[in-house]
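Please keep the sequence and the structure in view while reading.

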Amino acid sequence: MGSKNSMQRRINIQFMLITAIAIVITGISSMALFYVIFKNQVYDDLKAYAHVIGRMDNLESLAGSQPVDGELRITLVNEDGLVVYDSYMDETAMDNHGTRPEIAEAMEKGVGRASRISDTQSAQTLYYAVKLPGGDILRIGKNSHSAFYIFRNIAILIAVLLAVVLGLCMVLSRYLTKRLLIPIERMANNLDGISPDNLYSEMLPFVRTIKEQHINILNNARMRQEFTANVSHELKTPLTAISGYAELIESGMASQKDAARFANEIHQNSDRLLTLINDTIKLSELDEQEEQFEFEQVNLYKAAQNCIQMMSMQAQKQDVRLRLTGEHCVVTANRNLMDELLYNLCSNAIRYNNKGGSVTITVRHEGIKVLLSVKDTGIGIPKEHQERIFERFYRVDKSRSKLSGGTGLGLAIVKHIVAQHKAELKLFSEEGKGTEIQVLF
């Protein structure tokens, strides 16, 4: 609840801040635009006044006359820059105006204009100057007090508008924020029951991703729970056998002949236990070390040759022939995982083969891809079991698997390694005729 209120507060503050900034920028821009328009309008008016006054026949008679109060300031300057007449000030007390920007520009170009703070009036004044036929300069000025009054009123209006709009924005933002967060709150309270019709279209990819992650987490948790239960069960069987046989030998109840047989059983169960532990550790490493394996160029044909040499003793014990066909092919892979992949595929093919059977390993190019095939002439896999054969601890023939020392994890490790290399895994099998597993890199 606190997090939700904090989010609403942040959204409300951002809405109001954006509104305030927009109003201030609009007000300043409007005032600047108005000032430019006002300034151009004043210059146009001063130009018209200068045109009318400049055509007066008795303009020279203004010299020596008394200053008068009025909205316009009229100044007459001779060619030397001396003030001949000024309607606001006594011309005899004024300095030379030849350097004034508007007068200097008018002397050079015929007309000139400028705006500045007047030394005599202490206010910003707009000036327009025109050169008369006789060479004198007529300057018309107008102060901008009226413009500042308007700007002040506009500023007050903007301040009032800002307060009103901020108040409205506060109410509207609270309402809109609440409506905006309703679908998110529903999703948080009931992710599985949320309907796409009640969500914003922009949120659908996010919701789908969250749902997929949620499902994956549940599946992983279920798989880990099942895996833990299966490991415990698989470990219990050989440990129970080892403990039972050891107890019989220790108690002296076993004869010398039986003791040798019991010792052999203990040895076989110990080997099975070690194999199970090693496979479990390997699966855990594959689960936890995604994207951490180093990849290099691996000659898959040479790796298969090494695998056949290593598995030859096991194959002889099972009366199974090993054969390698194909060509040298290089893949980008982790070398240790490739050895593990080949070992598990060959070990399975030997373990579930028939006496006098064979295992054929094939490595060859298929277009731009590389095919690894391990094919046996063994017992095969019934169709109803083929979809689950790569699951952990799944066995088609549990009694044969345990007798041959299988842990039920070999093909699960294969599936993990194939996934690590983003390869394609295929299974072809017929009961009583054999099995072929293909990996396409």
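The structure holds 8 salt bridges, a salt bridge being a side-chain nitrogen of Lys or Arg within 4 Å of a carboxyl oxygen of Asp or Glu. The model is predicted, and local features need pLDDT of at least 70, side-chain atom pairs count only at pLDDT 80 or more, and totals for chains, interfaces and linings use all residues. Residues are numbered from 1 along each chain as its sequence is written, and side-chain values use heavy atoms, with hydrogens and water left out.

**Salt bridges**

- Arg73 and Asp86 form a salt bridge through their side chains (3.0 Å, N to O).
- Arg73 lies in strand E1 (residues 72-77) and Asp86 in strand E2 (residues 83-86), so this pair ties together parts 13 residues apart in sequence; strands (E, at least two residues) and helices (H or I, at least four) are DSSP runs, numbered from the N terminus.
- Arg73 has 3% relative accessibility and counts as buried, as does Asp86 at 0%; buried means under 20% relative accessible area, exposed over 50%, and partly exposed in between (1.4 Å probe, protein chains only).
- Another salt bridge joins the side chains of Arg364 and Glu366 (3.0 Å, N to O).
- Arg364 is partly exposed at 33% relative accessibility, and Glu366 is partly exposed at 37%.
- Salt bridges with shared partners link Glu102, Arg116 and Arg139 into one network.

**Further salt-bridge pair**

- The side chains of Arg139 and Glu102 meet in a salt bridge (2.8 Å, N to O).
- Arg139 lies in strand E5 (residues 137-143) and Glu102 in helix H2 (residues 101-109), so the pair connects parts 37 residues apart in sequence.
- Both Arg139 and Glu102 are buried.
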